Amino acid sequence: MAAPDSSRAEGPVLLFPSSSSASARVEAVVVFNICDSYVRRPDQAERVIGTLLGSVLPDGTVHVRNTYVVPHSESADQVALDIEYHHNMYASHQKVNPKEVIVGWFSTGFGVSGGSTLIHEFYSREVQNPIHLTVDTGFTTGDASIKAYISSNLSLGDRHLAALFQEIPLDLRMLEAGKVGFDILKSTIVDKLPNDLDGMESSMEKLYTLVDEIYKYVDDVVEGRVAPDNKIGRFIGDSVASVPKFSPAAFDKLFNDKIQDNLALVYLSSITRTQISIAEKLNTAAQIL
Amino acid sequence: MANPAQAAGGRSFLQAVSTVTEAPSPLRVVQMEGLAVLKIIKHCEEFAPALVTGQLLGLDVGSVLEVTNCFPFPMREDDEEADADGANYQLEMMRCLREVNVDNNTVGWYQSCLLGSFQTVELIETFMNYQENIRRCVCIVYDPSRSNQGVLALKALKLTDSFMDLYRNNGLTGEKLREKNYHGLIFLRRYRFKVSNSALVSAFMTELEPDSPVSQNKTSSNITIATSRDNSPSSRHGFKREGKRTCQEKQLERAIARRRSIQSIFKPIPEPSRLEGYLVTNQISSYCNHINGVAGQNFNRLYLMKGLQEED
């Protein structure tokens, strides 16, 4: 989106930087850490600021994997960041994981404020093209908004005018969070971790409700209440077809084989346990010298 | 001339001073914040299959031990300076975290393990070290390999007091163990687990939850599981075989030592500690329990599959 503003050859030209293809990926632990540090911020601070660590993938995506808070002080027109703390923490983090490097910084609060440019400048000295993440802990728009920006400088000839913060697409990765199970992470307190049986039960229930919904949807389409969507129809068809079809004889054989294998497993483990207890008894029993 | 405070039911100064501190209420539950859980998972997964450790920070409140934050330890190479470095790193991290109002109180440590094998001598030694300084500490063990199968494998452990006494008094010989009834000697106790999150974080998570929660990572669909062999039993068999072999080797060693000690009256050899053998047997029995559990689940899934097929 670059175009010289003036048609005349001489005269100052306002250059708009071309948008790069950067995008960002943020891990769940980063969001958690930011929220936690926001909750623990000192009383007089309105927001928290910190460094983002991660890596830059070959296709230009910035993968934010870790973060730490940096104490700062802010007044009407000045922002001061504890640079030594920042370097110390970075050195400590590097000892654990040398692959995580500084990729930008975050701040809580909505939108980009004036003081942010100064901080962003500081971070641009640390790393090239840092990204700026804002996490709206105040829910000002009634929505959980997490946005990422990169900044580019607007300059008029030689003079630096302003820094333009462009929003870049953000992908919130919840892979590991998925492991912990969203239910655990969403609620404020969970009494015990679900074990295997609970997990199976809940996934069965979810499957059940999903199947019910699909049933209703297909009925609606057939009766003409809902406009049919071919993609969904094909998707449903594929899913149903993915249930493997066995002839009864083949299935019985497979089933019996698996049952036998399982029984063998149980038998082996019981034998091992018996042997262990016998060995223990033998070891500690006879001490006849 | 009754002391007015006493008459009112309060304690006099002397009483307060002379009271022996009451025994702490026994620890029943370990409560972790979602943040700590995520950090532990991230650290362990990043370095799997290498084993990593880290420190737990939090608060000790009544009968609940809260873990609010944690930080990882760098990988240790075995040389002299690494120890001093490690201590420096720890101090540095604690100091920095203190500045941002994170709970500065060590409540234990976490470690990752491979396929459920965490009962090692190092664990016990680390526990003893921690126990000297901290009244109540806990060890969290995370198993990345089990978590890949859909279950969050986090355990909170503590050494039982009886075992600690035994260990301190070098009582891990055959006789003493027999006295204490070998089988009744549980040395690790698991705690009930709770996960808590601040309201802000749960608000965020609720907003950001993706649309299809079904069976994303929770033991995927029954159909696929039933038709694919579960790999873990075979690896567990390997471990068990190894464990049994080491067990037998240890027994042989002990038998030889005993015979030698009979023969050399002048230089009686102290009986080698039973600790490793004991740990190995414990490990094996926990494997067996786990295998039984997995087999039971497999039965469930197979019968479900059968039901599904029969309807067709």
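1. Two residues are in contact when they have heavy atoms within 4.5 Å of each other. Keep that in mind for what follows. Note also that this is a predicted model.

2. Start with Asp103(B). Leaving aside its neighbours within four places in sequence, Asp103(B) is in contact with Arg40(A), Leu57(B), Gly58(B), Leu59(B) and Thr68(B). Its place is the loop between helix H4 (80-99) and strand S4 (106-112) of chain B.

3. Is Asp103(B) buried or exposed? Its relative accessible area is 16%, so Asp103(B) is buried, since the cut-off for buried is under 20%. Its side chain also makes a polar contact, at 2.7 Å, with the side chain of Thr68(B).

4. Now the largest nonpolar core. It holds 54 residues. Those that touch the most other members are Val30(A), Leu52(A), Val64(A), Tyr123(A), Ile131(A), Leu133(A) and Phe71(B). Which helix gives the most to this core? Helix H1 (residues 28-39) of chain A does, with eight residues.

5. Look at Phe71(B) in turn. Beyond its neighbours within four places in sequence, Phe71(B) is in contact with Gly54(B), Gln55(B), Leu57(B), Tyr89(B), Gln90(B), Met93(B), Met94(B), Leu97(B) and Tyr110(B). There is also a second, separate core of 20 residues. Among them are Ala36(B), Val52(B), Ile140(B) and Tyr142(B).

6. Last, helix H5 (residues 121-133) of chain B. This helix has 13 residues. From its first C-alpha to its last it reaches 19 Å, close to the 18 Å expected at 1.5 Å a residue. Buried residues in H5(B) are Leu123(B), Ile124(B), Phe127(B), Met128(B), Tyr130(B) and Gln131(B).

Definitions and conventions: Residues are numbered from 1 along each chain as its sequence is written. Chains are lettered from A and ligands numbered from 1 in the order in which they are written. This is a predicted model: local features need pLDDT of at least 70, side-chain atom pairs count only at pLDDT 80 or more; totals for chains, interfaces and linings use all residues. Side-chain values use heavy atoms; hydrogens and water are left out. A nonpolar core is a set of buried Ala, Val, Leu, Ile, Met, Phe, Trp, Tyr and Cys residues joined through side-chain atoms within 4.5 Å. Buried means under 20% relative accessible area, exposed over 50%, partly exposed in between (1.4 Å probe, protein chains only). Helices (H or I, at least four residues) and strands (E, at least two) are DSSP runs, numbered from the N terminus. A polar contact is a pair of N or O atoms within 3.5 Å; within protein, one must be able to donate a hydrogen and the other to accept it, and residues adjacent in sequence count only if both atoms are side-chain atoms. The expected span of a helix is 1.5 Å times one less than its number of residues.
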